[in-house]
Amino acid sequence: MSFTMMQKLSLQCLKADQPLITTIRNASKKTGGSTRNKKGHPRPKHRGWRVMDGHIVSQGTILATQLTTRFHPGLNVGFGRNGTLFAMEHGKVYVTCETIDPNWDHSWVQRNYAGRQDQTIYKKFFNVIPEKQHQRFRLVDEI
């Protein structure tokens with residue numbers, strides 16, 4: 001082949017619709033492995049005791065949070081809609097273990113103690129005992 005013939009062939013190749021060199025891009029990073037801590041985990045709720053036995057609390061203090069009835073309200077303790085136990089009086093907290101006589105008509109009791117009607121059930125009770133008030137008050141007329 002002569003030199004002019006090669007020039008003609010190369011010109012025909014350059015005039016073709018497809019480019020001479022095609023580039024292929026590859027991934028520049030490796031694929032990530034699986035992780036154990038996914039983003040979808042909700043934050044922990046930290047349920048359980050808030051106040052220990054023997055501590056002094058004021059009115060409205062949360063004593064315990066729970067999903068099921070682990071703890072029961074005793075003297076001067078309220079039971080919230082979500083199972084939270086809270087102090088209804090200012091005083092000292094006492095936690096006791098007692099047998100329960102549940103109200104079987106209550107929805108919480110039906111959900112948590114179904115099938116245990118004939119058994120003796122022991123649960124922790126939170127009690128708040130109010131402290132005696134000092135007798136230092138005087139009537140305004142006496143002062």
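Predicted model: local features only at pLDDT ≥ 70, side-chain atom pairs only at ≥ 80, totals over all residues.
Residues are numbered from 1 along each chain as its sequence is written, and side-chain values use heavy atoms, with hydrogens and water left out.

**View 1. The antiparallel open sheet β1-β3-β6-β5.** Four strands form this sheet; strands (E, at least two residues) are DSSP runs numbered from the N terminus, and two strands pair if DSSP finds at least two bridges between them. β1 (48-49) and β5 (77-79) stand at the edges, each with a single partner strand, so one side of each is left without a neighbour in the sheet. β5 and β6 run antiparallel and are joined by three bridges.

**View 2. The mixed open sheet β2-β7-β8-β4.** This sheet has four strands, and its edge strands, β2 (56-57) and β4, each pair on one side only. Two bridges join the antiparallel strands β2 and β7, with I56 opposite K92 of β7. β7 and β8 also run antiparallel, through nine bridges; here T99 has Y122 of β8 as its bridge partner. By contrast, β4 pairs with β8 (residues 122-130) in the parallel sense over three bridges, and the bridge partner of F71 in β8 is K124. In general, strands of a sheet pair through backbone hydrogen bonds, either parallel or antiparallel.

**View 3. Two residues of strand β4, H72 and P73.** H72 is buried, with a relative accessible area of 13%, whereas P73 is partly exposed at 28%; buried means under 20% relative accessible area, exposed over 50%, and partly exposed in between (1.4 Å probe, protein chains only). Contact means heavy atoms within 4.5 Å. Leaving aside neighbours within four places in sequence, H72 contacts L85, I100, Y113, K123, K124, F125 and F126. The C-alpha atoms of P73 and F86 are separated by 8.4 Å, at 13 residues apart along the chain.

**View 4. The largest nonpolar core, with 12 residues.** A nonpolar core is a set of buried Ala, Val, Leu, Ile, Met, Phe, Trp, Tyr and Cys residues joined through side-chain atoms within 4.5 Å. Members of the largest core include V51, L63, F71, L85, V95 and F126. β3 (62-65), β6, β7 and β8 each supply at least two residues of this core. Another core, of five residues, lies apart from it and has I100, Y113, I121 and F125 among its members. Beyond its neighbours within four places in sequence, L85 has contacts that include I62, L63, F71, H72, P73 and F126.

**View 5. A nonpolar surface patch made by I62, F86 and M88.** The patch covers about 250 Å², with accessible areas from the Shrake-Rupley method (1.4 Å probe; for residues, only the protein chains shown count as cover). Patches are made of residues with over 30% relative accessible area and no salt bridge, like charges being joined within 9 Å and nonpolar side chains (Val, Leu, Ile, Met, Phe, Trp, Tyr) within 5 Å. A salt bridge is a side-chain nitrogen of Lys or Arg within 4 Å of a carboxyl oxygen of Asp or Glu. M88 is found in the loop between β6 (85-87) and β7 (91-99) and is partly exposed, with a relative accessible area of 42%.
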